[in-house]
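Here is a short note on the structure, point by point. Please read it with the model open.

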Amino acid sequence: MSPVNKSEHGLSRRNYWRSLEQLENSPEFQRWAQAEFPEGLSEVISPVTRRSFLSLMGASMALAGLSGCIRRPEEHILPYSKAPEDIIPGIPNFYATAYPHSGFGVGVVVESHEGRPTKIEGNPQHPFSLGATDVFTQASVLNLYDPDRLTSYVSGGQAITRSAFVDQLRSKVSELKTRQGAGLRFLSGLSTSPTLEALSAQLSQSLPQAVWHTYEPVSLENAVAGGHLAFGQAVIPTYQLDKADVILALDCDFMGTEPGSVLYGRQWSRRRGNDGASTPTNRLYAVEGIFSITGAMADHRLRLPSSHVDGFIRALGAQLSSQGLSLPSELQMALEPHRTHPFDARWVSALSAELLAARGKSVIMVGSAQPASVHALAHALNASLENVGQSVQYSPAPIGVASVANPDTGLTGLVAALRQNQVETLVILGGNPGYDAPADLELATLIKNVPTSIRLGSHQDETALACKLVVPQSHYLEMWSDVRALDGTASIVQPLIEPLYDSMSELELLSHFVDGASNRGYELVRAQWQTALGTLDFEKRWRRMLHEGVIADVAAPPVQVVLNGASIGAGLAQKEMPQLSLQNLELRFVTDARVFDGRFANNGWLQELPDPMTKLTWDNAALISPRTARELAVKRGDMVSLKYRDRTLEMPVWPMPGMADYVVAVSLGYGRTHSGRIGTGTGFNAYLLRDSSAPYFDAGLVSTRTGGTHLLATSQEHGSMENRPLVLEATVDEYQKNPRFAQEAVEHPPLRSVFTEHEYVGQQWGMTINLNVCTGCSTCVVACQAENNIPVVGKERVLRGREMHWIRIDRYFAGDEETAEAVQQPMMCQQCQNAPCEPVCPVAATVHSRDGGLNDMVYNRCIGTRYCSNNCPFKVRRFNFFNYHEDFTEIEKMQQNPDVTVRMRGVMEKCTYCLQRINSARRQMKLSGAARIPDGTITPACAQACPVDAIVFGDVNDPESRVSRLKARDMNYALLAELNVKPRTSYLARLRNPNPELG
Amino acid sequence: MSQESAVSALEPAPLVEGPQDFNTITEKVCSIVEAPTPLAWYVFFAIASGCASMLLFMLGYLVWTGIGVWGLNNPIGWGWDITNFVFWIGIGHAGTLISAILFLFRQKWRTSINRAAEAMTLFAVACALIFPGFHVGRIWVAYWMAPIPNQMGMWPNFRSPLLWDVFAVSTYGTVSLLFWYVGLVPDVATLRDRATSRIRAMVYGALALGWRGSNRHWHNYEKAYMLLAGLSTPLVLSVHTIVSFDFAVSVIPGWHTTIFPPYFVAGAIFSGFAMVLTLLVLCRQFFGLKELITMRHLENMNKIMLATGSMVGYAYAMEFFIAWYSANPYEKFVFINRAFGDYSWAYWTMVTCNVIIPQLFWFRSLRTSIPVMFVISILINVGMWFERFVIIATSLHRDFLPSSWAYYTPTWVEMCTFIGSFGLFFMLFLLFVRFLPMVAIAEVKGVLPTANPHPDHRELHAEAH
Amino acid sequence: MDNQRPPMEGEPRRRPTGYLFPAWTNKIATAALTGILVMGGVVTFVVWYYFSPKHTDVGYQPVQPVPYSHKLHAGDLGIDCRYCHTNVEKSAHATVPPTQTCMNCHVTIKKDSAALLPVRESFAKNIPVEWVKVHKIPDFAYFDHSRHVVRGVGCVECHGRVDQMEVVRQVQPLSMSWCLDCHRDPAPHLRPKEESVTQMDWKAPSDAASFGQDLVQKYNIHPPTDCSGCHR
Amino acid sequence: MADKIFGILAEFKTPASILDAAGRAYAEGFRQFDCHTPFPVHGLDRAMGLAASKVPWLVLGGGLTGGSCGLLLQWWTSAVSYPLIIGGKPLFSYQAFVPVTFELTILLASFGAVFGMFALNRLPMFYHPIFRAPTFHRATDDRFFLSIEAKDPRFDVARTRQFLEAIGGENITVLEA
């Protein structure tokens, strides 16, 4: 630990504190460090084999141009025999499709090289993408090439052919037909596919007795139920945050894991000085128990256990009505007793004052974890604040969502049936209920007892193992389907590639039950839309919807809603807030920011992606507030046994600043037992504690220290900024008083070089990163990894500090550890004009380019002295300590971007501003004979994926370019400018917009 | 007469003790090489060559598997590798320094120790070269650092301190080798003329190049030797200056320090003398050279260590002063972190061994006690190794952005490699003492009183001072 | 080494008598010196020439699975290069044609020729013909045909007189320094857009250098010599 | 031809005596003579009347070559052959080129010194008539020899032998070529 104590520095406005612990000193790190290949995950890299060593040598000789003495090995060119249309080798194609994420569609445009989908981009036409994506969408392409995917049909553990399976299925179906489908049950994940709905409708014709159950581990059922309470109809709220001056997020991580995060993040950012006004014009209040990225971006954040949010919104409601907001009378009555409340009165009153002031221009958002009553009350308040129709809208909830909430068609209904052995045939479409169903239902064991169980899944996973028949499921890039977005906007899901294995899609499997015929997905989907849209010039519209990826003019119009005060009031029946204490902790289940609910457990990119807030990789941990940690006498990595009801789970703790006290947050999706080479055995399975009666949070948890410890790999050990001017921030007032605060913070004497510096003419590339909107969601990190063939290195190498991500998102904590604030700063190669890495390289492997003026890293020239990295003030260079690409399977190789060199062992690499994209733009320019590349033509992968549009790239020599205009802003500053390295990347200082009342 | 005695009273202890004539010197030195090999030698040689082969294995494993077998990570790109490099180069300084600088200053006391010291220099440089050579990620293309015309039309980057190293160290190695060999020629001739078997005679004869003591040769020889000494002096100073540039030229706080060149040179001489002392103390015990390598030699070396040790101590203090005086928060932090951070244990080991312990040499009794000086000399080498480690590791593990801070722990591979380099060093040194005269015979004869053809002059004394 | 006890004081030392080395040994020095110089020269030359692509790659002329004659098709029949290498103006790869392209003509012409058997097979079975790659640059060098062809660099500049080759042969080293030569001085290798880049025997009307210089101005051609021009 | 004479060799015991002998030989007018001593005897050069050594010139030459070639190489490679922008420094950043220039200067200068010295001394010369002398092996131990070569105009076997005896030479040997 460094001895510098806070008081010593006066550099910065806020006193920054140190990281909670230094892993270095912990004994088990020492022990671990002794072992060269320590236990832990070793699935990623195996030691170098002789073959590859020789190939390296070969390669190197080739590099040296000394391949001579022996004739070079014969290589073959295999042209097409019959050339496919519109594929020009060497030129990628882009196709629009949609990624169904837990039921809801995100429109995407997929880059395909010679028929191999390699990279996912957002579809600008799609309302819930607007050209950006979230981490899951970015990473979804890797699942296609997951080497652990199920490659064949399985019957009772034996691999069988597709036809064999189809025969079995046919006979089964005809048998079921005879008894109207009695005893037939379907269990699927949430699906909003119109075609699927149509099929299941037909199903209820052909097999009337069959019952369809829907289960999603994390979904909108509470919101919908809340809608029912409030309006008596199944609706989903959608928001227009760019119309809101005041946003209240109640336990709602709408920039992170909540549905629609991409759109909401973008809308929110539009009012944070991203475009137009340079200062924030909205104010975000967050009330939450965990420390989410939304909370980190909030102007005011109230730490509150999830179980107290109910009480809080009641108190707020009461306050609002007392300040003159007219509510339905029953509701007003119900809220009456809550005029007195245990919460910070100033906070509540200031908030309600603002909400009232901003009628029609405010939003109250409630997280999916909160019970229906809270949602209902939020709906009511939004309605009363005249926000509905303005910043809040309601769209009809798809059947699926409704049925999740409905006990009969939900999981509980199925379990009941299973327990009474009413189920003869169970068809499980997608999902992984065998793993992620609440523990009290013991679903996996129940499934085993079903005579005929058919499982459509991509892996031989926990569910598949419980089933008799297993059908390989097609990845969404392999299949025809369709999907709706939150607001009902429909998109066609079209395949980018023939199924790699002889797999089926949900639709294809289902069609067997409908008419016994094995229809191809294409026919099903096309037929569905032909009936929906009518045959009138359908062909043209069909092509258009495929091309655009969005089916225009079929989105259902917003639902008109009428408040039902009585039922809301009823929902607010007197309920005591639990008194939390060490003996009565709150157990909070969190959707994981990386593996979501576990469906991404076998995705290396996401496993190695540091959690946006904890920076934890390859694991999940029990997050608790530092104070709670002290009271429990545990420190980072100590194993505790969590006892909830009659179940216990052992997992390591991670003290997390800014968390509510006496809350234990565990993220779902880890501890998979049958996931694959990546996901199996990483982290700890929180579902084992989950109870169907309280799926999201509940009091009554007891935590006891086991004495054991667990090594947690984090990508950032040190959380304090050490009072250095790295992330600069101010409040709007401070900024208006002194607009140059940022430049002044990095004030330094006039910088002169002893040399006359080079003059960079023509188009010169630069970048700005707007810290005002950057949420740290880490989508850019994954996008970069996908675009640039960045390897996954594995847990033990992350522990060694050898992660390869070109973008590191630095997260620093501020304030005291209770009411901690967090700031995020994406850190990649700053493309210094006077790059310190260049002169130290003995072989000129990293030099500056004249056109573009970028810091080129020439892999094939690098001999690997690592001197450049040592001399990099930003430490953004990454060294290939081993040959990380060596044991890539042929399947995995298919994902790699042919326009980016795959780096061998022993060379340095770093962010290139996506040189391949710059070069292809320049190529276009040359071919077209144009003089310059228009602004906005080039978008690096990180900028393109960014949901909040925080990263802007362009020509810094062109004063009119967007990046130049941003650099001209007075809150623009270059990091470590005093070194005179002249970074081409600069940052826009962060502005907070606190309520003067609470200042 | 009285004046005579007065002067003789002022004379320092003789450089060669006991009644010696030319032949006894020849006998004493040559007999070591001619006598049957002592069993102890075989034992030591077995151990040393064992370690050396371990070095080979480690390097093979490294090249085969990748730099990942070392404990390095993202912020800390250099660890034991470069530490060992600087450490060995430093040790390699005493030899040429003793030969060259002391020669120029007519310090005749150097004669009986310079040969061994030069040999040690060569072997240390050999060990040093291993580390920068093998620390690169793709050693099979390391030759790109040499300005060889090639089909890529590429050239090395002459602005890189690493390239300066390549030139400095290889020049230093070459020149030291020549210097050493030139000094050896007349003595090898002596061995040739004493050889009793034809093979020996042939081998030494070949090495002696047919040297026949001709004064017309001595004439050029002395001039060449003197000029070599003159050239080596700036060279020896330049080498560690340039090694220090590896750090001084960078921008990293704790590295970017202008005091480095003198500070590194002082440190190098410091560690170099320590190593020479360690070896000579052993040699004179084993081979009965007490009359040639006298207490006066040892004491002089101890004085030099005391001086250079104090210089190094001054440099440490000055670094801290400047860090504070510069008011640069990054600098300031790095140095406070050195003394009290995660690596403070290394820092305080360094300070104790390099600054505090050598102060014992203020006392004559300790300065002239063989066991004491032996222990201290070893401690000094430990301390100097830690100095390099501290400079490299502590500066890298806490630089500008706290987000990238980390900690570095070596793996067994690095440790074994380091031990192996010692094996190589001692293996070479043992071969040297076995087969070559470890004392410069001709030179020692030259400083005998009887060697002076004009005994009536005071020159002898004048020169002996 | 011989472990012989050292002679006692005064005892006459037994040493080898007569000359240690014969007279000729005096010549060793000069001989060795000249030897080293000569050998050094030879080695340098060997490496310089025989290890360079000029020797290792130029002249590479593998046997192709189909005895396809560029001389016949491109030369005598005068079929334009782009008839088969369709994407040369659109893409980085000039693309070796699909079997289809061959069959366009060979369904009628020489439709039973034994030499064309592999082609017909490939077409029938829909399996590619395995042509042997002649012009190879390493994977980390990103060469783009379109960029060069469109800017007026003739095929012949790199591929030589393919129209005269029965079997295609590599005529240029395709080494980095060779690329750089042209990138530093493109003028002599350019032709106007009006002229066809595929015309093998094209000659600049006036002196190539000065003629090209005008084109460099006209099309504002400045080929990259940055590393990132070809390596990413 | 066995009768061919190379010269005459005489042995002396002390540095003083050889110094004296050399002086006498020079005074006698001998020029083609040489002394062989285990170590450089102080003053002997003067006594033998040797001209100043040429080694320094070779050193100077080597140094100048090394320095200029070194600088030239660096200038040509980084400013002419492949001018790359590195760290925003000028193509010919001479400040950074000092170390290599310096090292090459030293290197070639010392080559000049060492190889020059051997060349001037005509070494290696493994074969030399003087090695024939029975006691000459002590020339590298504790004896001092004076050899007068036959090619000296004033050389005459008998008189030279007498002269050597006169100046106190012992085991005088006539050396066959």
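1. Contact here means heavy atoms within 4.5 Å. In that sense, 20 residues of domain 4 of chain A are in contact with 19 residues of domain 5 of chain A. Keep in mind that the model is predicted.

2. The domain bounds of chain A come first. Domain 1 covers 4-39 + 724-996, domain 2 covers 93-144, and domain 3 covers 153-219 + 401-533. Domain 4 is 221-396 and domain 5 is 585-712. These bounds come from an automatic or database domain assignment. Chain D is divided as well: domain 1 takes 5-49 + 127-176, and domain 2 takes 55-120. The C-alpha centres of these two domains of chain D lie 45 Å apart.

3. Back to domains 4 and 5 of chain A. Their C-alpha centres are 27 Å apart. The size of an interface is often given as the accessible area lost when the parts come together. For domain 4 and domain 5 of chain A, about 1500 Å² is buried between them, with 63% of it on carbon and sulfur atoms.

4. What polar links join domain 4 and domain 5 of chain A? The count is two salt bridges. Separately, there are eight residue pairs in polar contact, both residues at pLDDT 80 or more. On the side of domain 4 that touches domain 5, the elements giving two or more residues are α6 (221-231), α8 (293-297), β12 (300-303) and α9 (306-322) of chain A. R588(A) and D251(A) meet through their side chains in a salt bridge, at 2.9 Å from N to O.

5. Salt bridges elsewhere deserve a look. One network of salt bridges links R303(A), R627(A), E631(A), D661(A) and E818(A).

6. D619(A) and K795(A) form a salt bridge, with the closest N and O atoms 2.8 Å apart. This pair links distant parts of the chain, 176 residues apart. D619(A) sits in the loop between β21 (616-617) and β22 (622-624) of chain A, and K795(A) in helix α27 (residues 795-800) of chain A. Both D619(A) and K795(A) are buried.

7. R992(A) and E729(A) make another salt bridge, with the closest N and O atoms 2.5 Å apart. Here too the pair links distant parts of the chain, 263 residues apart. R992(A) belongs to strand β39 (residues 990-992) of chain A, and E729(A) to strand β28 (residues 729-731) of chain A. The cut-off for buried is under 20%.

8. D597(A) and R599(A) also meet side chain to side chain in a salt bridge, at 2.7 Å from N to O. D597(A) has 3% relative accessibility, so D597(A) counts as buried. R599(A) has 33%, so R599(A) counts as partly exposed.

9. Now the strands. In chain A, four strands form an open sheet in the order β36-β29-β38-β37, with mixed pairing. Which strands stand at the edges? They are β36 (951-955) and β37 (972-973) of chain A. Each has a single partner strand, so one side of each is left without a neighbour in the sheet. Strands β29 (residues 765-770) and β38 (residues 985-988) of chain A run parallel and are joined by four bridges. I769(A) has Y987(A) in β38(A) as its bridge partner.

10. Strand β23 (residues 638-644) of chain A is mostly covered, with six of its seven residues buried. β23(A) runs antiparallel to strand β26 (residues 697-709) of chain A, joined by six bridges. D638(A) stands opposite T709(A) in β26(A). β23(A) also pairs with strand β24 (residues 647-655) of chain A, in the antiparallel sense and over six bridges. There, K643(A) has T648(A) in β24(A) as its bridge partner. β23(A) and β24(A) form a hairpin with two residues between them. In the turn, R645(A) has a positive phi of about 50°.

Definitions and conventions. Residues numbered from 1 in each chain as written. Chains lettered and ligands numbered in written order. Predicted model: local features only at pLDDT ≥ 70, side-chain atom pairs only at ≥ 80, totals over all residues. Heavy atoms only, no water. Salt bridge = Lys/Arg side-chain N within 4 Å of Asp/Glu carboxyl O. Buried < 20%, exposed > 50% of the residue type's maximum accessible area, 1.4 Å probe, protein only. Pairing = 2+ DSSP bridges. Buried area = accessible area lost by both parts, 1.4 Å probe. Polar contact = N/O pair within 3.5 Å; in protein donor to acceptor, adjacent residues only side chain to side chain.
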